[in-house]
Amino acid sequence: MSTSTPRSVVLERLAYTLTAPVLAVAPNLYPDSPVNTVVQLAGAAGIGGWALAARPETTGAGRKILRWSPLVLAAAIDTAAGHTTGFGPYGLDGLLAAAWAATGWMVMPFSRHTRRSHRPALAAAPAPQPAPVETVVEEPVLPDDGADLLTRSARLMWERAGNPARTHIVTATPHPGAQHDLTLLLRASEPGRPITGLTEAAAAAAFGIPETDVTCAPVARQHGRQGGPGWLEVHLTPDANARRRKTPTPQERWTDKVGGPKGGAPGSELVHHTRDQERGVTFYRAKMADPTESPRIDLAKVCRGLGLPEDDSCVFVLIDGTEFLISAFDQPPLSQIFAATRELLTPDAKGMYVCGYTITGQPVKNMVYQHDKNAAAHGLILGVSRSGKTQFFAINMAAQSLDGQVVWLSTVRKDEKTSVLGKYIDRQGSNALWMARSLRAAKALCEIRADMPWPHDGQPHDYKPGDPRCPYRQLNVYGDEFMTAAQDPLYGEFIQTDGDDLTVTGLKYGIGFNPAGQSPFAHNGFSTEMKDNLRQNSRPTIFNMGSPSATRKAAEGTMENAYDVPTIPARYSRTEGSAIERAMRGEADPENGVSTGGVAVIVLDNGRAVLMRSLYADFDTDLSELFPDEVNRLTDHEIAELEKRGLWFDWNEPVRPGEFWPEPDEDEDGEGRSRRRSGGSGKGGGRGSKGSGRSEQIASPRQALEAIRSLTDA
């Protein structure tokens with residue numbers, strides 16, 4: 001049984017037979033003949049075909065090189081024959097031409113390529129029998145759409161991978177400036193079918209790149225092209241991802257390290273990144289991608305993601321709705337001192353003055369009265385010892401005095417700073433008895449001012465700050481270490497009771513109460529009513545409470561979210577070197593801390609907490625530069641009314657008989673007299689209790705607790 005010889009094979013063999021003598025004779029007999037030129041051009045074309053076939057993305061390179069080899073070898077033989085003498089030694093030119101023809105007879109590149117899919121019928125083959133009918137699902141024949149070389153190459157690689165998810169590459173678009181990055185536009189092979197099951201791993205395997213360098217994205221409908229689930233974009237970015245891993249931009253670093261699900265601010269995206277070289281600070285402004293979500297920020301993780309030192313003295317966060325600002329300073333911004341001046345402390349028309357500066361250099365304002373509520377202002381000042389409370393007293397009192405207001409200051413114990421302040425204000429004392437007397441007098445002033453006629457119509461009115469017709473000045477009563485004073489065994493109950501009344505009723509009569517202490521809780525003298533009134537009618541100022549958790553707890557209820565309270569460290573110190581390396585070398589940690597005294601969290605009207613450093617009043621110098629030339633006093637009418645009630649005298653005097661408790665009966669022995677003076681059974685008399693029995697004196701839960709304690713002590 002023999003096979004028939006295709007016509008292409010016969011013609012190709014004939015061409016080799018006729019061309020071989022020409023290759024041997026033409027260069028020797030006719031060196032300048034056009035035949036030689038044609039052969040050389042054909043060889044150059046063959047070399048060009050080799051170059052195209054040798055590209056990395058080309059498939060079937062070996063077969064294509066073999067296809068072009070006869071032209072290249074013919075040009076080589078023609079060139080060799082032209083450089084030999086005659087027909088060469090031993091007729092070499094003729095031997096080479098004959099070898100070339102014999103090789104063509106056996107190899108036949110062109111005809112073999114043509115016959116890849118050609119199976120000629122057998123000459124003596126029997127008639128084929130009809131095969132059984134089978135249902136064959138044929139892949140749709142895709143028309144030649146004139147795609148460019150890159151698209152065709154991509155299609156070959158995609159087809160070699162088996163057309164993942166039964167998809168077809170419509171176009172392949174290269175990315176500018178990248179050698180291997182491109183975007184594939186895919187559509188389902190069957191019209192009307194959605195693309196399902198295509199994974200990044202399948203696309204990556206088709207092109208031999210890592211799965212992390214592949215991203216799939218939906219296709220929006222455009223003019224002249226469909227969209228929807230039957231279309232898909234696949235981004236192949238091996239070059240961009242390699243550069244992103246080595247030298248990411250701030251936007252890319254934020255997306256990869258901060259805004260991801262495991263980052264320090266999940267769900268956020270960077271809006272702007274800027275550097276202020278003059279101030280030595282870098283700002284990262286970001287927002288939540290979903291405007292319905294609130295920022296959840298882990299500042300330590302944000303610092304690690306951005307490659308910043310985890311330093312609570314140099315890196316701060318400011319949250320405003322769905323946006324937030326990360327400020328990274330080269331040096332602790334709140335370690336500098338902002339000196340207080342009269343210009344900064346002078347209140348404006350709305351009663352606002354500058355009390356400090358934030359980390360960004362913005363001035364922070366406090367109020368000496370509530371312009372919008374047409375009332376006086378309370379004050380809530382908290383902080384541990386040496387945190388800067390008394391310094392804040394000084395600038396607050398100076399601002400109130402510059403506005404023409406009267407100031408009283410009471411402390412539990414005498415110290416240098418409060419004694420200095422006493423020179424510039426109306427009254428100052430340093431014991432629990434003095435504080436109790438000042439609160440009792442201020443409470444009586446509410447009754448006195450309620451009956452004071454105004455000169456323009458002769459009728460009494462509520463206090464109106466800034467109204468020149470008001471017959472009295474605003475009074476500000478300060479109670480330093482109020483927690484300790486409220487727990488005083490003799491006068492603590494009077495201090496707490498009168499303090500509660502003053503915070504509730506004092507504002508409409510121009511009296512503001514400013515307690516300060518280390519704890520704002522009920523068991524330490526701050527009742528719920530007092531805290532609620534202080535918070536709503538002041539800008540609470542919280543200095544270092546000993547720890548961030550204590551600061552947050554102290555701010556509880558004054559903010560929309562107490563966990564947004566900025567951190568106040570014990571000291572501002574830069575992290576130097578590696579703690580691990582110092583431990584391995586046995587070296588001590590550097591002691592370069594700067595005190596955070598004067599740094600406070602102030603809660604503004606919208607419930608937002610701002611970290612600031614308050615202005616500094618130097619007690620070693622003359623404070624007269626901050627205060628007015630004359631001390632503001634009560635009016636003669638107010639002093640006369642207080643004298644009528646026996647409340648205006650030197651409050652440093654020992655307690656007067658019957659001042660807080662009724663005097664014992666004459667038939668009582670010395671032991672009973674001593675009990676009444678120590679605040680035992682007669683303690684309720686100071687609040688107007690008339691009865692002598694214990695059941696008549698107990699009128700509040702606090703009195704009940706005192707009675708239980710007295711029974712326990714007995």
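A residue is called buried under 20% relative accessible area, exposed over 50%, and partly exposed in between, with a 1.4 Å probe and protein chains only. The model is predicted, so local features need pLDDT of at least 70 and side-chain atom pairs pLDDT 80 or more, while totals for chains, interfaces and linings use all residues. Residues are numbered from 1 along each chain as its sequence is written, and side-chain values use heavy atoms, without hydrogens and water.

**Exercise 1.** Determine whether Trp254 and Tyr284 are buried or exposed, and classify their ring pair.

*Solution.* Step 1: both Trp254 and Tyr284 are buried.

Step 1: rings of Phe, Tyr and Trp (its six-membered ring) pair if their centres lie within 6.5 Å; planes under 30 degrees apart are stacked, over 60 edge-to-face, and the rest tilted.

Step 2: the centres of the Trp254 and Tyr284 rings are 6.4 Å apart and their planes 25 degrees, which makes the pair stacked.

Step 3: Trp254 belongs to helix H9 (residues 250-258) and Tyr284 to strand E6 (residues 281-288), so the pair ties together parts 30 residues apart in sequence. Here helices (H or I, at least four residues) and strands (E, at least two) are DSSP runs numbered from the N terminus.

**Exercise 2.** State how many aromatic pairs there are, and which residues ring pairs link into a cluster.

*Solution.* Step 1: the count is 19 aromatic pairs.

Step 1: Trp408, Trp434, Trp648 and Trp651 are linked into a cluster by ring pairs.

**Exercise 3.** Identify the charge that sits over the ring of Trp454, and the residue over the face of Phe649.

*Solution.* Step 1: a charge sits over a ring if NZ of Lys or CZ of Arg is within 6 Å of the ring centre and within 35 degrees of the ring normal.

Step 1: the charged end of Lys464 is 5.4 Å from the centre of the Trp454 ring.

Step 2: Arg656 lies over Phe649, 3.6 Å from the ring centre.
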